[in-house]
Amino acid sequence: MKEQESIAASKVKRSMRFVKTGAQVGGNFIKYYSKKIVDPSTSRDELDKDNAEDIYNALSSLKGSALKVAQMLSMDKSILPKAYADQFSLSLNSAPPLSGPLIVRTFNRSFGKQISEIFDSFDMKASHAASIGQVHKAKIGDKELAVKIQYPGVADSISSDLKLVKPFALRLLGMSEAELAIYLKEVEAKLIEETDYELELRQGQEISTACAHLDHIEFPAYYPEYSNDKVLVMDWIEGMALKDWLKTDPSQAERNKIGQALWDFYNYQQHELKLVHADPHPGNFLVTKDGQLGVLDFGCVKQIPEDFYHAFFGLVNPQIKNDKDKAMALFRELQMILPNDTPAQVEFFFNLYTDMIDLFARPYRESQFDFGDPGFIQALYAYGEKASKTPELKQARGVKHFIYVNRTNFGLYNILHDIGAEVKTDRYSPSMLETA
Amino acid sequence: MASKKIKKQDIQSAYIDYVLTEGKEPSSVYAFAKANKMTEGDFYDHFSSFEAIEIGIWAHGIDTAIEQIKKQEVWNEYSARERILSFFYTYFEVLRNNRSFIKYSMKACGPMPPGKTPARLKPVKDTFLAFCTDVLGEGLESGELTDRKGLNRRYKDVLWLEFLFVLDFWIKDNSKGFEKTDEAIEKGVNVIFDFIGRNPIDSLVEYGKFLFQNASK
């Protein structure tokens with residue numbers, strides 16, 4: 001009896017923690033709205049910034065998967081206003097570090113050895129924090145290694161963290177809970193995969209082997225003998241974070257080279273491997289001393305199902321413009337137009353989605369594309385802004401695979417724009433273009 | 001039988017085996033000795049009671065943990081905060097090997113009224129407090145911790161409360177690899193050290209003193 005009681009008590013304690021955070025968050029929203037009422041002149045930008053800061057504070061104290069979702073939201077700048085995005089990008093380097101003793105313990109438990117028995121040197125101070133772990137620099141002989149260690153309890157807390165993020169997501173996307181559910185399931189499954197470093201190691205090895213022949217790109221080697229589900233050891237790639245590299249004002253030729261490497265990397269994966277590194281966050285890339293693109297972090301890899309691939313990239317085919325029936329069939333297959341839609345709705349969504357596909361496909365429709373052109377990215381933002389204000393879109397449309405495929409491609413477009421690169425886009429293009 | 005030397009460890013493991021299988025302590029030393037083919041005399045050579053066996057196991061656990069952490073190369077580089085953290089992680093790693101027994105023994109202790117330490121945990125508490133006194137003393141010397149005169153003696157008591165809390169948490173922890181206990185240790189010890197290190201309250205007290213001495217002039 002006694003034991004039963006105590007278990008119940010600890011459950012209550014646990015949910016209290018979440019209730020508390022939930023209450024704070026709810027309070028935040030009340031604060032924002034009341035601010036708006038009191039001072040209607042408060043600029044939207046400023047208000048958004050306040051919101052983002054508070055949400056970010058709540059999320060970063062949670063660490064782990066909630067942080068990851070924040071990053072994912074910040075990725076999709078077309079959904080989030082700019083101030084949110086800026087604040088969320090901060091979440092990359094924010095989580096408090098693990099203590100030295102916990103790291104020592106993790107190694108003892110995982111490998112039955114002291115850190116000093118495995119590595120010749122090991123920097124106890126984390127070189128940087130990732131969302132679900134932190135990275136340390138170590139050495140074996142002359143070889144420099146990056147050792148990624150996962151925060152304890154991350155895998156366990158994903159589902160409860162997602163429940164916490166749900167109110168934000170509902171508000172930000174303006175969807176109903178039931179409609180959001182299929183997307184959140186997809187996200188949850190991917191997040192759980194990301195906590196398995198053994199899987200990341202296999203994915204990293206698989207993709208880097210398959211992409212080894214691409215130009216100007218460098219992958220770290222992985223060390224399975226020192227890795228397990230919570231510890232991942234790979235080569236330390238010396239280089240500059242993409243953001244810092246851009247501050248050095250690289251020449252247009254260099255920008256194009258890095259941009260091209262990035263384009264080839266992603267499009268080779270999408271169109272040849274049908275398996276894609278679905279985390280095109282600037283923090284996952286480096287520019288090495290020799291001016292190569294270094295790719296880190298294969299935690300999030302999306303397998304693109306064949307039928308989705310054909311339907312989605314079928315829309316990219318320029319011929320589709322003259323074949324409304326075929327386009328309509330593809331929209332229906334992708335559940336962007338639903339069986340119960342009225343003729344007026346069908347017409348409305350057809351036009352809306354055709355505009356989107358037009359934008360999305362623009363880089364594919366020429367052999368060379370300048371991502372530095374502000375017109376393109378502004379058109380993307382403007383579309384996102386318009387979409388977020390279209391009440392008809394406040395319901396779930398599109399199959400779940402859109403989440404990661406969109407995130408990947410819009411993320412890629414964003415980075416290429418930040419780099420200001422002009423790239424040859426016809427090297428690895430959708431196979432649909434050739435069969436057309 | 002009597003000619004064969006009965007070892008301390010044999011009695012310990014026979015006892016652990018008995019309580020974990022039966023869920024209670026043997027009905028008498030006599031019955032226990034008989035079942036294990038020894039005399040009561042053999043038993044009393046090493047232990048005065050069943051409780052003494054449990055005390056010995058608890059004491060051995062904490063001694064092992066402290067010995068292990070002091071052997072680690074990084075020990076000398078650790079701050080006081082890290083030394084305490086290191087103790088907690090290592091101690092609960094040591095306890096893992098005897099988790100069922102620890103659960104049994106804690107249950108046998110019965111409910112723990114605040115401020116009272118059950119006999120089984122006495123030597124653990126003594127060793128733990130002595131360990132903390134050493135570590136905290138060095139922390140005060142190095143300036144990592146703030147000297148608050150009379151309060152200094154209380155620091156280790158707060159850590160003992162954390163110890164009891166984590167022990168209880170660990171016993172109830174169902175998470176994989178007891179990850180939640182790791183979090184409880186990391187967060188709990190950090191909070192304590194954030195408070196006993198220099199913190200805003202110190203500044204507030206100093207400011208209050210200043211105002212008291214000067215503002216009325």
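The contact between chain B and chain A takes 19 residues from chain B and 21 residues from chain A, contact meaning heavy atoms within 4.5 Å. The model is a predicted one, in which local features need pLDDT of at least 70 and side-chain atom pairs count only at pLDDT 80 or more, while totals for chains, interfaces and linings use all residues. Residues are numbered from 1 along each chain as its sequence is written, chains are lettered from A and ligands numbered from 1 in the order in which they are written, and side-chain values use heavy atoms, with hydrogens and water left out.

Chain B and chain A bury about 1800 Å² between them, with 50% of this on carbon and sulfur atoms; buried area is the accessible area (1.4 Å probe) that two parts lose on being put together, summed over both. Five salt bridges are counted between the two chains, a salt bridge being a side-chain nitrogen of Lys or Arg within 4 Å of a carboxyl oxygen of Asp or Glu. Asp229(A) forms a salt bridge with Lys176(B), with the closest N and O atoms 3.4 Å apart. Six residue pairs, both residues at pLDDT 80 or more, are in polar contact across the interface of chain B and chain A. A polar contact is a pair of N or O atoms within 3.5 Å; within protein, one must be able to donate a hydrogen and the other to accept it, and residues adjacent in sequence count only if both atoms are side-chain atoms.

On the side of chain B that touches chain A, the elements giving two or more residues are α5 (80-96) and α9 (179-196) of chain B. Helices (H or I, at least four residues) and strands (E, at least two) are DSSP runs, numbered from the N terminus. The largest share of this side, six residues, comes from α5(B). Its residues divide into four nonpolar, four polar and eleven charged, where Ala, Val, Leu, Ile, Met, Phe, Trp, Tyr, Cys and Pro count as nonpolar, Asp, Glu, Lys and Arg as charged, and the others, Gly among them, as polar.

Within chain B, the domain assignment (automatic or from a database) gives domain 1 (8-44) and domain 2 (54-207). The C-alpha centres of these domains lie 32 Å apart. Eight residues of domain 1 are in contact with seven residues of domain 2. About 590 Å² is buried between the two domains of chain B, and carbon and sulfur atoms give 70% of that area. Tyr15(B), Ile16(B) and Leu20(B) supply 58% of the area that domain 1 buries against domain 2, more than any other three residues. The count of salt bridges between these domains is zero, and two residue pairs (both at pLDDT 80 or more) are in polar contact.
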